[in-house]
Amino acid sequence: MGYFRLDSALIRSGRVDFKQYIGTCSDHQLSQMFIRFRPEGTENNRKRFVKEIRKYNKPVVPAHLQEFFLVHRHKELNHLFEHINDLWQNVQDIQLTEQQQ
């Protein structure tokens, strides 16, 4: 998902030593991030979280998932499940901003 573009001068030879493609989250990564950010959640909550995300059939990148957890960190778990679609809201905003430039 290439939503962010760096100026070519920043990534030319000699400036970047290593490029790493991270990609989208697997079910295991979704599960582990849920445990990390919401340790009070039960096993059923974790499974439900993965299932709810996959229901949308949209890709999730780790950075957006981390932001989602941080934005909702003081909310109840039920609030988290009710607002899973927020995961893709910022992605849409970024895409719209890029297209306008």
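Author: This is a predicted model. Let us begin with a pair of helices, α2 and α4, whose crossing is right-handed.

Reader: At what angle do the axes of α2 and α4 cross?

Author: Two packed helices are described by the angle between their axes and the distance between the axes. Here the axes of α2 (residues 27–37) and α4 come within 11 Å. Angles under 35 degrees count as roughly parallel, and α2 and α4 are therefore roughly parallel to each other. The axes of α2 and α4 cross at roughly 30°.

Reader: Which residues of α4 meet α2?

Author: The α2 side of the contact consists of Leu30, Met33, Phe34 and Phe37. In α4 they meet Pro62, Leu65, Gln66, Phe69 and Leu70.

Reader: Are the rings of Phe49 and Phe69 stacked, edge-to-face or tilted?

Author: A search of the whole structure finds six aromatic pairs. In the pair of Phe49 and Phe69, the ring centres are 5.3 Å apart and the planes stand at 35°. Planes under 30 degrees apart count as stacked and over 60 as edge-to-face, so the pair is tilted.

Reader: Which helices hold Phe49 and Phe69?

Author: Both residues, Phe49 and Phe69, are buried. The pair ties together parts that are 20 residues apart in sequence, because Phe49 lies in helix α3 and Phe69 in helix α4.

Reader: Is Arg46 buried or exposed?

Author: Arg46 is placed in helix α3 (residues 43–55). Leaving aside residues up to four places away in sequence, Arg46 touches Ser31, Phe34 and Ile35. Buried means under 20% relative accessible area; at 15% relative accessibility, Arg46 therefore counts as buried.

Note on methods:
Residues are numbered from 1 along each chain as its sequence is written. This is a predicted model: local features need pLDDT of at least 70, side-chain atom pairs count only at pLDDT 80 or more; totals for chains, interfaces and linings use all residues. Side-chain values use heavy atoms; hydrogens and water are left out. Helices (H or I, at least four residues) and strands (E, at least two) are DSSP runs, numbered from the N terminus. Buried means under 20% relative accessible area, exposed over 50%, partly exposed in between (1.4 Å probe, protein chains only). Contact means heavy atoms within 4.5 Å. Rings of Phe, Tyr and Trp (its six-membered ring) pair if their centres lie within 6.5 Å; planes under 30 degrees apart count as stacked, over 60 as edge-to-face and the rest as tilted. Axes are lines fitted to C-alpha atoms, for helices over the stretch in contact, and angles run from 0 to 180 degrees between N-to-C directions. Angles under 35 degrees count as roughly parallel, over 145 as roughly antiparallel, 65 to 115 as roughly perpendicular and the rest as oblique. A crossing is left-handed if the near helix is turned anticlockwise from the far one by less than a right angle, and right-handed if clockwise.
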